[in-house]
Amino acid sequence: MVLNLNNMDLIELFTRIKKSFCELTTYKLRDDVLEVITAFSTLNNKFVSVFIKIDSQRIIVTDNGWIDSNAYETPIYDVSEEIVKRVISSYSFSYAIKNTVDNSGITYYYKTCDTIESLPSIVFDVANFIVGSVNSFCIHFKDEKEEKERETFRKEASNFLNMQYHDNVRFKIPLDDFINIKFNAIVNKGSNLFLISFVTGSTPYYFENDLRKTIVNFEIADKSKYRNNIKEMISIINNTSEGYQPEKSSSILSLLSEKTTKPPINWTNKKTILEYIN
Amino acid sequence: MKGYNKEIRDHYDFFLDLISEKKIVKSKQIILEIKNNNRNWYFGSTEVNHIKKEVPISLLIEQSKRDNKYGIKLRCSTLTCEPFFRFDSDGPAHRNDDPSIPLDKQSITTPHFNHFNAQGKSIAYKTSQLLNENDSDAIVNDINIGLSHFCFETNISMYNNDLPEVVERSPELPIPVCISAFFNGAKFE
């Protein structure tokens, strides 16, 4: 519709905006739970939902575990984990959001109130909290080129290992006794474990950081109660990455060679791993 | 984040062809098994053959153990790494972020399909069946009805024009029954 803007009443403009905003808010009834699909949207174009249930004379308003279960389908950047935690913590504090865990281990963020009069305000807080939290997952806090390099190599190397070892390989998992230390892959052959770490980087700085992380991870694995089961500790070096400068990183590469049980494998010679794990 | 899929934008005719052209799925049954990296989800997949082009197309199905919501996707690595067409039975509403669409029409609640416009932007839509409450409920509550609807929308069938079906790997896997799993035992102070 073409409007005659010259004659447009400004209050009429406001009325149209308000009507449009209000009509955006909708709902779904899910048994005894009301889902309010709010007019708040996230950076990845999802409208935020809050879930409302009346329970023992109070009203619970929650995200239904949708942040923690990634129902908003935000990208997952490992390097952003700590920043996202801080953002969520700040939003929780500002909006006085509590959290609890359900039977499947999913965290629910919520607020409660005792009166219907308070409900819209609580819904407003929880919806704002969800927008802030979901958006914090959406933002690249790290060098995009580095992220791409890391993700591409992780996928290529994982696919390669998957093709070779099928059900015997698991990705991004820790040893049970050091759950904070995750290896890119662990191949299981009978009682033998083969720990595999990928090393890459879009610049020498990132590449050397990855080298240091791999060295530390292998040092810690050496103290594991599963040490006798660890047959080999193997690193796969992305020698096609821009960060790979062997002369510059020679001292750290030498140190890595001391920590692995087999010489590091260059990606261009990746089939060497078949000799190490057969 | 309000990005565009450049590969789809640059090969838009190919993208449209992948959706509309006849595609054949060989296996009658698509078996769902617990995902290795997320025990809260079941996953199954099968290959789909484009009748005129030699391109790798995968039909991917995921179902949540928590609330039985499911997603069905088509992926073609020749075109782009992300799924180029998908169906979500539940989950957040999608915003079709386009000023030419009235604001109150920009929210597309689930269940909905997602595809891309010529600019490579993700766009959600509902079919007439999804707009009909009874049909929509049937699709949401029974993954095999949802799969049939997806196959119809994307021109997928078996050689004999039968449709594939989802089956459970183990008898304890509940597929068609949609249970109310809201709050799932969570205790609130």
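**How the two chains meet, and how chain A is laid out**

Student: In this predicted model, A:Lys46 stands opposite B:His94 in β7(B). What makes β3 of chain A and β7(B) a pair of strands?

Tutor: The cut-off is at least two bridges between the strands. Strand β3 (residues 46-55) of chain A and β7(B) have two bridges, so they count as paired. The sense of that pairing is antiparallel.

Student: Which element gives the largest share of the side of chain B that touches chain A, and how many residues of each chain are in contact?

Tutor: In contact are 26 residues of chain B and 33 residues of chain A. Strand β7 (residues 93-95) of chain B supplies the largest share of chain B's side, with three residues. By class, that side has nine nonpolar, ten polar and seven charged residues.

Student: Let's turn to chain B itself. Why is B:Ile143 called buried?

Tutor: The threshold is 20 or more other C-beta atoms within 10 Å. B:Ile143 has 25 such neighbours, so this residue counts as buried. B:Ile143 belongs to helix α5 (residues 143-154) of chain B. Its C-alpha atom is 9.0 Å from that of B:Gly71, which is 72 residues away along the chain.

Student: Back to chain A: how do you know how its radius of gyration compares with that of a compact globule?

Tutor: Set the two values side by side. For 278 residues, a compact globule would come out near 19 Å, but chain A has 26 Å. The box filled by its C-alpha atoms is roughly 75 × 55 × 30 Å along the principal axes. The domain assignment gives domain 1 (22-138) and domain 2 (144-276), and their C-alpha centres lie 38 Å apart. Of the chain's 278 residues, 33% count as buried.

Student: And why are β7 and β11 of chain A called edge strands?

Tutor: They belong to an open sheet of five strands with the order β7-β8-β9-β10-β11 and mixed pairing. Strands β7 (169-175) and β11 (265-266) each pair on one side only, and that makes them the edges.

Student: What makes β10 and β11 of chain A a pair, and in which sense?

Tutor: The test again asks for at least two bridges. Strand β10 (residues 230-237) of chain A and β11(A) have two bridges, in the parallel sense, so they pass. Within this pair, A:Ile237 has A:Asn266 of β11(A) as its bridge partner.

Notes:
Residues numbered from 1 in each chain as written. Chains lettered and ligands numbered in written order. Predicted model: local features only at pLDDT ≥ 70, side-chain atom pairs only at ≥ 80, totals over all residues. Helix = DSSP H or I, 4+ residues; strand = E, 2+ residues; numbered from the N terminus. Buried ≥ 20, exposed ≤ 12 C-beta atoms within 10 Å, placed from the backbone. Rg over C-alpha atoms; globule rule 2.2 N^0.38 Å. Domains from an automatic or database assignment. Contact = placed C-beta atoms within 7 Å. Nonpolar A, V, L, I, M, F, W, Y, C, P; charged D, E, K, R; others polar.
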